[in-house]
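Dear colleague,

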Amino acid sequence: MAKRVVDEASRRRRRPTKHGQVLTHRLMVETALRMLREHGAAGLTARRLGHALGADASTVYRYFRGMDDLILAIADELYGHAMAGWTATGDWRADLRDLGLRIHHAYLAHPQAALLTASRVTGRPNEVAGDETILGVLRGAGFPDDDAVRIYHAFIDQSLAFAILDAATLALPKAAREADEEVWRDTYARLPAATHPHIAATAPLLVAHMNDSAYPTALDMLLSSASAQLSG
């Protein structure tokens with residue numbers, strides 16, 4: 001039987017841990033994010049999280065039903081980072097572009113966490129509020145509900161898919177990442193026009209752009225398609 005997770009007030013420690021901290025749900029999520037950033041997914045365990053907080057590993061299970069519950073909390077925290085301070089301008093396309101870039105940026109700020117969480121659906125407050133906001137922007141722009149849902153689906157999946165792709169690159173060891181980046185200059189840029197005319201013709205542009213994320217371009221293409229549909 002799953003352990004019961006008690007409410008925040010009941011589970012709060014009445015005295016600081018040996019590190020001088022009073023444990024909260026937020027502190028545990030933030031500490032888990034730091035551990036993922038420093039040690040990767042393999043470094044995040046209840047024992048190590050408890051040690052980092054100056055508490056016993058069992059303390060984790062007073063706040064979370066298990067490690068997967070913690071992962072979902074981290075996912076919602078990242079969504080909260082993306083939405084923090086955002087306000088609508090009334091320009092639906094500019095607003096969606098800003099939201100997309102915020103979501104992408106929030107995940108890339110924590111690439112190890114992004115790999116664990118970007119494919120998850122949490123149903124938690126920050127995620128729900130974000131989805132409500134995106135759908136509200138689309139419906140407010142005049143899209144019929146069927147189109148609003150279809151565009152929302154493409155928008156959020158594109159944002160998270162690029163977050164996973166780009167986070168995977170950032171999560172590579174530095175030497176591996178740099179070696180991958182050098183392939184465009186050391187291999188593609190050296191291919192002869194006689195055998196690879198199209199690569200040779202575009203080699204300077206490939207070298208200049210292929211190590212950057214394609215997400216802003218893909219996002220603009222999606223928004224242009226939606227805009228053309230709305231105007232049609």
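This is a predicted model: local features need pLDDT of at least 70, side-chain atom pairs count only at pLDDT 80 or more; totals for chains, interfaces and linings use all residues.

Residues are numbered from 1 along each chain as its sequence is written, and side-chain values use heavy atoms, leaving out hydrogens and water.

The UniProt record, an unreviewed entry, places "domain: HTH tetR-type" on residues 22-82, though such annotations may be inferred rather than shown by experiment. That stretch is 70% helix and 0% strand, with its end C-alpha atoms 26 Å apart; helices are DSSP runs (H or I, at least four residues) and strands likewise (E, at least two), numbered from the N terminus.

Helix H2 (residues 25-39) packs on helix H3 (residues 46-53) at an angle of about 110°, their axes 10 Å apart, where axes are lines fitted to C-alpha atoms over the stretch in contact and angles run from 0 to 180 degrees between N-to-C directions. H2 and H3 are therefore roughly perpendicular (65 to 115 degrees; under 35 is roughly parallel, over 145 roughly antiparallel, and the rest oblique).

The axes of helix H5 (residues 67-83) and helix H6 (residues 92-108) come within 8 Å and cross at roughly 135°, which makes H5 oblique to H6. Their contact (heavy atoms within 4.5 Å) includes Leu 78 and Tyr 79 of H5 and Leu 99 and Ile 103 of H6.

Best regards
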